[in-house]
Amino acid sequence: PMIIHTALISHGNSGGPLVDMCERIIGVNTWALEDDSYTNRVSFFSISASDLISFLRDNGVDEFETTDEPCRN
């Protein structure tokens, strides 16, 4: 699943973490889509943390922490 968000991603920062208010990684920033309409709006997209976890495990990395607790900040 993709996460659509409003955190700014500068050109060249794809692959960087998308973090929540508790500084936990919730995704990996991938790309931005500029709206060519009169709004000049930009949408930013991240791969979900669940895909990151699958990638890490598939590549032999299993030393990381996960939580289902909500961010309380």
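**Reading the terms against the values**

Colleague: Why does R24 count as partly exposed?
Modeller: The relative accessibility of R24 is 25%. Buried requires a value under 20% and exposed a value over 50%, so R24, at 25%, falls in between and counts as partly exposed. This is a predicted model, and the value is computed from it.

Colleague: Why is D20 called buried?
Modeller: D20 has a relative accessible area of 17%.

Colleague: What makes the contact of R24 with D20 a salt bridge?
Modeller: The closest N and O atoms of R24 and D20 are 2.9 Å apart. The definition asks for a side-chain nitrogen of Lys or Arg within 4 Å of a carboxyl oxygen of Asp or Glu, so the pair qualifies. Side chains of opposite charge can pair when their charged atoms come close.

Colleague: How many salt bridges does the structure hold?
Modeller: The structure holds one.

Colleague: Which residues line the largest pocket?
Modeller: D20 and R24 are in the lining, together with I25, I26, A49, L52, I53, L56, F64, E65, T66 and T67. The volume of this pocket is about 330 Å³. Two elements, β3 (25-34) and α1 (49-58), each give two or more residues to its lining. The largest share, four residues, comes from α1.

Colleague: How is the lining of the largest pocket divided by class?
Modeller: Seven lining residues are nonpolar, two are polar and three are charged. Asp, Glu and Arg count as charged, so D20, R24 and E65 are among the lining residues of that class.

Colleague: What makes M2, W31, L33 and I47 a nonpolar patch?
Modeller: These residues form a nonpolar patch on the surface, with about 370 Å² of accessible area together. I47 lies in strand β4 (residues 42-48) and has a relative accessible area of 32%. Patch members need over 30%, so I47 passes that cut-off.

Colleague: How do you know whether E23 is buried or exposed?
Modeller: The relative accessible area of E23 is 71%. Exposed means over 50%, so E23 is exposed.

Colleague: Where is L8, and is L8 buried or exposed?
Modeller: L8 is in the loop between β1 (2-5) and β2. With a relative accessible area of 76%, against a cut-off of over 50%, L8 is therefore exposed. The C-alpha atoms of L8 and V42 are separated by 9.0 Å, although the two residues are 34 apart along the chain.

Colleague: Why does S14 count as partly exposed?
Modeller: S14, in the loop between β1 and β2, has a relative accessibility of 49%. Exposed would require over 50%, and buried under 20%, so S14 counts as partly exposed. From S14 to A32, 18 residues apart along the chain, the C-alpha separation is 9.2 Å.

Colleague: How do you know that G27 counts as buried?
Modeller: G27, found in strand β3, has 0% relative accessibility. That value is under 20%, so G27 counts as buried. G27 and P70 are 43 residues apart along the chain, and their C-alpha atoms are separated by 15 Å.

Colleague: Why is C71 called partly exposed?
Modeller: C71 is in the segment after α1, with a relative accessible area of 26%. This value lies between the cut-offs of 20% and 50%, so C71 is partly exposed. C71 and L33 are 38 residues apart in sequence and 28 Å apart in space, C-alpha to C-alpha.

Methods
Residues numbered from 1 in each chain as written. Predicted model: local features only at pLDDT ≥ 70, side-chain atom pairs only at ≥ 80, totals over all residues. Heavy atoms only, no water. Buried < 20%, exposed > 50% of the residue type's maximum accessible area, 1.4 Å probe, protein only. 1 Å grid on protein atoms, 1.4 Å probe; cavity = no way out; pocket = protein on both sides within 12 Å on 5 of 7 lines; lining within 4 Å. Points joined across faces, edges and corners; volume = space filled by probe spheres on them. Patch = residues over 30% accessible without salt bridge, like charges linked within 9 Å, V, L, I, M, F, W, Y side chains within 5 Å. Areas by Shrake-Rupley, 256 points an atom, 1.4 Å probe, with all protein chains shown as cover.
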